[in-house]
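The sequence and structure come first.

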Amino acid sequence: MSLFSLTQEIAIDLGTANTIIIVDGKIVVDEPSVVAIRKADDKLIAVGKRASVMRDRGEGKIYTVRPLQKGVIADYKACEMMIRGLIDLIPHRRRFLNPVIKMVVCVPSGATPAEIRTINDSCMQAGARELYLIYEPMAAALGMGFDIEGPNGCMVVDIGGGTTEIAVMSLGSIVVNKSIPIAGDALNQDIVRYMDKSHGMRISEPTAERIKKQVGSALMELENPPEDMMVIGPNKTTDLPLKVPVSYQEISHCLEKNISSIENAILQAFGETPSELYADIVQNGIWLTGGGALLHGLAQRLSNKMTIDFHVAEDPLHSVVKGTGIALKNINNFSFLLKGG
Ligand SMILES: Nc1ncnc2c1ncn2[C@@H]1O[C@H](COP(=O)(O)OP(=O)(O)OP(=O)(O)O)[C@@H](O)[C@H]1O
Ligand SMILES: [Mg+2]
């Protein structure tokens with residue numbers, strides 16, 4: 001934003017797990033999608049990491065909300081507060097000039113028209129004056145450097161917190177689209193259940209997420225296996241402390257059902273790909289993005305299963321926001337953007 005400009009242009013990836021904002025091509029906000037609200041008067045107390053810490057510690061006078069579930073807004077009021085709060089975290093924001101906000105926000109390709117309207121309204125309520133929407137897989141592909149307006153087919157699998165979105169794109173549109181509500185959150189829940197059932201240990205979701213990142217695996221045999229992780233938590237019946245080593249093999253076993261659902265959805269989407277794009281995809285491989293793409297062994301497992309190369313995006317947690325930032329710079333050129341407002 002130049003010194004006298006009264007328009008601030010921002011791109012937002014409004015995710016189930018993380019919300020990221022780009023201004024002038026740079027990531028300026030990258031925070032978990034959480035708000036902390038005071039119980040007494042429903043006032044916003046904190047957003048992002050600060051709210052997340054309060055969530056983990058279970059502070060008494062506040063409650064925390066993750067406003068998005070499965071990629072769409074589950075709590076409208078909290079979502080609006082979160083967007084406002086995160087925009088306020090943009091460094092050097094000249095609030096006193098009260099700039100007009102021009103915004104591009106991404107929406108899940110599997111969202112219904114009503115869900116898209118809710119995202120639209122929430123951004124408008126949070127202060128957007130001019131708004132454009134972009135489908136997440138298109139943003140992801142742009143962010144990975146693909147020319148999605150060209151004739152070549154490209155296939156992207158975005159495994160986020162709430163949803164896995166699979167899309168084949170060509171000539172500036174989504175040709176095949178599949179979205180399933182199985183992604184990072186579902187894997188965390190698998191681990192919570194597993195620790196309870198197999199180790200008799202009660203763990204929180206943040207602990208399950210740490211286990212997933214450290215020793216989560218999509219394969220029972222990894223070439224470079226991570227070391228066992230020591231997990232400390234209460235015995236579910238006695239509340240006395242338990243300390244157990246957790247191996248990647250056991251976590252791979254407990255994630256198997258959901259990983260295989262993701263695999264089947266990718267196979268199905270690939271099966272629906274028109275023959276003229278099929279060869280492009282076989283040649284270029286399928287691109288994995290979203291935080292779930294970082295799961296140990298996932299790309300390898302899918303490559304083995306489908307005999308097509310799977311590549312992990314260079315910066316999977318940021319492909320969507322980077323692409324949303326590119327869309328912001330090309331509002332007048334990209335005919336696939338949806339006009340909001
Ligand atoms: N190293 C890792 N291994 C496995 N999963 C990971 C890793 N790092 C992050 N994740 C998971 O990625 C998910 C977050 O990814 P991302 O930020 O792409 O989601 P999101 O965009 O907020 O969600 P959605 O797109 O579904 O709305 C979380 O579930 C997180 O646990
Ligand atoms: Mg996402």
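## Core and fold

The largest nonpolar core holds 98 residues, and those with the most contacts inside it are Ala 11, Ile 21, Val 35, Val 105, Ile 134, Ala 141 and Leu 288. A nonpolar core is a set of buried Ala, Val, Leu, Ile, Met, Phe, Trp, Tyr and Cys residues joined through C-beta atoms within 7 Å. A residue counts as buried if 20 or more other C-beta atoms lie within 10 Å of its own, as exposed if 12 or fewer do, and as partly exposed in between, with C-beta atoms placed from the backbone. H7 gives the most to this core, with nine residues. Domain 1 (7–140 + 320–339) and domain 2 (146–313) both give residues to the core, so it lies between them; the domain bounds come from an automatic or database domain assignment.

The model is predicted: local features need pLDDT of at least 70, side-chain atom pairs count only at pLDDT 80 or more, and totals for chains, interfaces and linings use all residues. Residues are numbered from 1 along each chain as its sequence is written, while chains are lettered from A and ligands numbered from 1 in the order in which they are written.

Not counting residues up to four places away in sequence, Val 105 touches Ile 12, Leu 14, Ile 119, Cys 123, Leu 131 and Leu 133; a contact requires C-beta atoms, placed from the backbone, within 7 Å.

The chain has 10 helices and 18 strands, which are DSSP runs numbered from the N terminus (helices H or I, at least four residues; strands E, at least two). Buried residues make up 47% of the 341 residues. The C-alpha trace spans about 60 × 60 × 35 Å along its principal axes.

## Helices and ligand shell

| Helix | Residues |
|---|---|
| H5 | 184–199 |
| H6 | 205–215 |
| H7 | 248–271 |
| H10 | 319–329 |

H7 bends by about 55° at Glu 256, the bend being the angle between axes fitted to the seven residues ending there and the seven starting there. Its buried residues include Tyr 248, Leu 255 and Phe 270. H10 is mostly covered, with nine of its 11 residues buried; among them are Val 320, Lys 322 and Leu 328.

Ligand 1 is surrounded by 22 residues, the closest being Gly 15, Ala 17, Gly 160, Gly 184 and Gly 291 (near means a C-beta atom, placed from the backbone, within 6 Å). H5 and H6 each supply at least two residues of this shell, and the largest share, three residues, comes from H6.

Definitions and conventions:
Contact = placed C-beta atoms within 7 Å.
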